[in-house]
Each structure stands twice: as C-alpha cells, then as structure tokens.
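Please look over the sequence and the structure before reading on.

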Amino acid sequence: MTAAVLPGAVQPFTVHFDDLDAMGIVHNARYAVFLERALSDWWAQRGHSFAGGRPTTPDVTHAVVEYSIAYRAPVRGTGEIGVHFWLESLGESSAVYRFRILSADRQTVHAEGRRVNVKLDPSTLRPAPWTDAAREICRSLLAMPAEEPAQ
C-alpha cells in the first residue's frame, strides 16, 4: 500500500478569537488572510519579503489576479490549523497556487481554492518574468505526483 505525499508546504497557523464570526466559526473573509500570511511567512523564510517598507527581491512585487475558494467544513473556535499550498503551474510571469485549509491533524479539509499571482515590474507595474532565483525556490512547491515507498 502506498501513501500520497502532499505536494508543496503545510504552514502551521493559529486561529485567534478575532478571526471568528458571531457564530464562533472562522469568518469567510479570513481564509484569504490565512493563505496570505502563510505564503508570506514561507517566502520570507527564503529571503523574499518586505524590509523597511521595500521589497527584498524583485519577485516580491506581484498582484493577485484571480482568487476562488470553496468552503467544505467550518473551522470552529480558536486553535491550530494548517495552511497547505502548492504551485499548480509557474509561467513566465504567472504563478497558479492551489491551497487547502486543514485541521491540525490534516484529516479535515475546511476549505480549498486557487489563487493566481502575476509578477510585476516594480517601476511600470506591467507583467515581468520571475527571476531564476524565485524559479529555483518554486521547485519545491510545484505539484508533481509522488508516492512514498510501500512498507
């Protein structure tokens, strides 16, 4: 028997009281924030962030051009969850992320979706190619079928 390996990365994330709506579940608008923070943390750990209000690399300048999400099961209350994300594809100037909001034990998918980014030239705000450095980092996020050996 084989077990599928999750592509990409799973960032641990804490749900706080102010993320909840009046019913005690995570407000729908917060899911996009969870993904944004998880991606920002992951990229910052690899040297791509903002310091002193300025991008540390040219690849930090990008815009979200498409976002979709499907809600599967509410996140009830505060505590730990996981934000799982990977790259479905990486184009010349675009990146198509897929993501899932997971329970801490990774057994429940609370939400899943798709986000498309376009890298921009910081001076013209027109699409520009990703750098070779960013492409190298993206390799670990690209979705590829993989399996662990049977035990």
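## Pairing of strands 6 and 7

Val 96 lies opposite Val 116, a residue of strand 7. The model is predicted, and in it strand 6 (residues 94–103) and strand 7 run antiparallel, joined by nine bridges.

These two strands form a hairpin with five residues between them. Within this hairpin, Arg 106 adopts a positive phi near 65°.

## Strand 7 and its other partner

Strand 7 covers residues 109–119 and is mostly covered, since eight of its 11 residues are buried. Strand 4 (residues 62–71) also pairs with strand 7, in the antiparallel sense and over nine bridges. In strand 7, Val 118 has Ala 63 standing opposite.

Gln 11 belongs to strand 1, which spans residues 9–15. Its relative accessible area is 12%, and because this falls under the 20% cut-off, Gln 11 counts as buried.

Leaving aside residues up to four places away in sequence, Gln 11 touches Ala 38, Asp 41, Trp 42 and Gln 45, together with Ile 81, Gly 82, Val 83 and Phe 85.

## Confidence in the model

For the protein chain, the mean pLDDT is 91, and 91% of the residues reach 70 or more. Over residues 145–151, however, pLDDT stays under 50. For that segment the model has 11 contacts beyond four places in sequence.

Notes
Residues are numbered from 1 along each chain as its sequence is written. This is a predicted model: local features need pLDDT of at least 70, side-chain atom pairs count only at pLDDT 80 or more; totals for chains, interfaces and linings use all residues. Side-chain values use heavy atoms; hydrogens and water are left out. Helices (H or I, at least four residues) and strands (E, at least two) are DSSP runs, numbered from the N terminus. Buried means under 20% relative accessible area, exposed over 50%, partly exposed in between (1.4 Å probe, protein chains only). Contact means heavy atoms within 4.5 Å. Two strands pair if DSSP finds at least two bridges between them. pLDDT is the predictor's confidence in each residue, from 0 to 100.
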